[in-house]
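I opened the model to look up its salt bridges. These are my notes.

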Amino acid sequence: MTTKKPSQDWTQDDAETLFLRYARTRDSQLRDRLVAMHHNLVRYLAGKFVNRGEPLEDLVQVGTIGLINAIDRFDSGRGTKFSTYATPTIVGEIRRYFRDKAWSLKVPRRLQELNQTAARAQEELSSKLGRPPTIQEVAAKIGASEEETLEAIELGNAYDTVSLDSKVVNDSDSAPLSLAEFVGAEDESLLKIDAYGDLDQAIEKLEPRERAIIIHRFFKDMSQAEVAKQLNISQMHVSRLQNRALAQLKKHMDESIN
Amino acid sequence: MSESQSDTVQLIIPCRPEYVGVARLAVLGIASRMPFSYDEVEDVRLAVGEACTHAVERAGSSPSTIQITSTIGARALLIEVADNVPAGTEPSVPSEEAQNLAEAGVDQQGLGALLMEILVDEVKIDSSAAGTIVRLTKYAPD
């Protein structure tokens with residue numbers, strides 16, 4: 001009969017025996033050993049979630065909380081493998097961590113940042129290499145995976161742009177307008193602004209009474225009746241003089257533009 | 001999209017590790033067609049990645065392919081990951097990850113399936129001499 005040192009016996013215990021003993025004794029040292037024994041399971045599962053932008057060590061930590069909960073509740077007599085029992089608890093804890101951090105709200109920003117980093121790296125590498133870099137080269141430069149780099153280039157741009165159909169509300173009473181409705185077209189009247197100086201000169205060339213009618217009607221916003229009263233002539237006469245003055249102005253303007 | 005209409009996207013990739021990322025990227029775009037939250041999109045992507053990784057590990061160096069068929073419906077996203085690696089094929093050299101897990105008494109193959117079940121609503125796995133088909137279903141939120 002060979003005698004074994006008790007400590008050796010201890011390390012050779014399999015998980016099942018440890019679980020039975022822990023269930024009976026609730027000895028925290030036994031629990032520590034069970035946690036250490038399943039560290040690789042937590043690391044493996046946490047590793048599946050690293051591309052969501054949180055450090056692996058943080059995920060391993062929250063996953064370990066799930067592991068400890070699973071160890072405390074595990075009943076080895078039920079015939080379920082511990083890894084099968086613990087996996088939903090560990091993954092659940094990791095997913096809750098993302099949910100509590102409102103991670104999905106930060107995704108656009110993270111991708112935008114990565115997108116900008118990738119764009120800078122692309123420029124730097126272009127001038128260094130004398131040619132556009134490959135995705136692999138950009139990924140290596142910014143320390144991200146190829147998949148992440150592609151995603152950042154693709155989605156980072158998408159998040160940067162706002163749909164023209166997106167609704168904009170400027171006050172609560174009015175119906176929301178789409179962004180497209182705020183986008184201006186080229187204002188052709190602006191192109192004619194240079195011609196206003198010429199208009200001044202053209203008005204100067206009118207005979208005094210016509211000039212007065214134009215100024216009253218179009219710069220002082222007076223009605224034909226008001227102008228008629230002011231100049232002490234009939235409204236019909238105002239109308240006739242106005243038409244003649246406008247024709248004159250048009251002629252002067254055409255001459256000065258051509 | 002009307003109740004009955006659905007769109008289908010198909011992707012065939014070599015059954016090799018460097019193409020799993022290609023599948024994951026495609027699935028990111030496909031799952032984004034559904035009214036899923038970003039977390040849900042990521043969950044689908046992870047599940048498809050698991051199915052592909054499983055196929056890649058079994059295929060070893062044999063020239064195999066993975067066909068990914070995604071059906072974007074009004075109520076659910078169905079993604080079929082079909083490989084032509086005969087069932088029962090075991091990886092010639094277990095990965096470092098698999099070795100670590102084996103030490104902890106964990107069966108990795110079962111774990112991959114379990115992880116997929118946590119991430120999507122339905123998982124159906126059919127293995128035969130022709131290969132393995134993993135059907136993943138994720139329902140649209142009500």
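I counted a salt bridge where a side-chain nitrogen of Lys or Arg lies within 4 Å of a carboxyl oxygen of Asp or Glu. This is a predicted model, in which local features need pLDDT of at least 70 and side-chain atom pairs count only at pLDDT 80 or more, while totals for chains, interfaces and linings use all residues. Residues are numbered from 1 along each chain as its sequence is written, chains are lettered from A and ligands numbered from 1 in the order in which they are written, and side-chain values use heavy atoms, with hydrogens and water left out.

Entry one. I searched the whole structure and found 23 salt bridges over all chains.

Entry two. I looked up D43(B) and found a salt bridge to R95(A), with 2.6 Å between the closest N and O atoms. This pair crosses between chains, joining helix α2 (residues 38-59) of chain B to helix α6 (residues 82-100) of chain A; helices are DSSP runs (H or I, at least four residues), numbered from the N terminus. For burial I used relative accessible area: buried is under 20%, exposed over 50%, partly exposed in between (1.4 Å probe, protein chains only). D43(B) is buried at 3%, and R95(A) is partly exposed at 21%.

I noted a salt bridge between E147(A) and R24(B), 2.8 Å from N to O. It runs from helix α9 (residues 146-160) of chain A to helix α1 (residues 17-31) of chain B. Both E147(A) and R24(B) are buried.

I traced a network of salt bridges whose members include R95(A), D43(B), E147(A) and R24(B).

Definitions and conventions:
Helix = DSSP H or I, 4+ residues; strand = E, 2+ residues; numbered from the N terminus.
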